[in-house]
Amino acid sequence: MSLYRDEGVVLRAQKLGEADRIVTLLTREHGRVRAVAKGVRRTTSRIGARLEPFGHVDVQFYTGRTLDGVTQVETIASYGANLVHDYARYTTGQAMLETAERMTPEEGEPAVQQYLLLVGGLRALVNAEHDSSLVLDSYLVRSLAVAGVAPSFDACARCGSPGPHASFSISSGGSLCAADRLPGSATPARDTLQLLGALLTGNWTVADASEPRARREASGLVAAYLSWQLERGLRSLPLVER
Ligand SMILES: [Zn+2]
């Protein structure tokens, strides 16, 4: 049995038997890890409460034959305590945790960019630095970008000609020029595309100044694009209160 240490965010916790729990974490060094935490559902367990979703923790793991296990847990930050009293921000956070899991399909495959994006997104959400819907959409488009599948909000996704362009196609990777436009393309407003570009690059001056109409249209396009990219849509995204 060998030990390793890492920090991570708890994405999910499932009951196992009478007293144990299986936790899914996105860690800095080891990517997504599923591990068993023994005895944590007993009331005397000190580490049980630290292994709730949204917990940002420093963990000592041991390697197991089928599943790794958790031996020690220290809390770095507990984002859940802050989110639990605000339904809109809580559901936003849930959608971020689910996205982080879906964007790291291979267990144990290092995904440091996805990890840093998640921690940054949860911090922004907890600190209420920006509208929570903008924080979510920024997180989603940047997570897609890290995965190498971000849509184009400016240049034509087919021929690369510089935008902005009037047409936007979910299945063709985003903006399309007049020559490449496909039937059934969306025609988002110019300031919606500008907002989406700002969310992708982290230009919060532009994003914070955006109009509600552009925000709604941008959220709709991001949700449609994400569910097209993922085999199954996110369960938690339709539940986000906007
Ligand atoms: Zn084109």
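This briefing covers aromatic pairs and salt bridges in the structure above. The model is predicted: local features need pLDDT of at least 70, side-chain atom pairs count only at pLDDT 80 or more, and totals for chains, interfaces and linings use all residues. Residues are numbered from 1 along each chain as its sequence is written, and side-chain values use heavy atoms, with hydrogens and water left out.

**Aromatic pairs**

- The whole structure holds four aromatic pairs (ring centres of Phe, Tyr or the six-membered ring of Trp within 6.5 Å; planes under 30 degrees apart are stacked, over 60 edge-to-face, the rest tilted).
- One of them is the tilted pair of phenylalanine 54 and tyrosine 90, at 5.6 Å centre to centre and 55° between the planes.
- Phenylalanine 54 is buried at 1% relative accessible area, whereas tyrosine 90 is partly exposed at 28% (buried is under 20%, exposed over 50%, partly exposed in between, with a 1.4 Å probe and protein chains only).
- Phenylalanine 153 and phenylalanine 168 have ring centres 6.1 Å apart and planes at 5°, so this pair is stacked.
- Both phenylalanine 153 and phenylalanine 168 are buried.

**Salt bridges**

- The count is nine salt bridges (a side-chain nitrogen of Lys or Arg within 4 Å of a carboxyl oxygen of Asp or Glu).
- Arginine 5 pairs with aspartate 58, with closest N and O atoms 2.8 Å apart.
- Arginine 5 is partly exposed at 41% relative accessibility, as is aspartate 58 at 21%.
- Glutamate 7 bridges to arginine 28, where the closest N and O atoms are 3.9 Å apart.
- Arginine 213 and aspartate 191 form a further salt bridge, at 3.2 Å between the closest N and O atoms.
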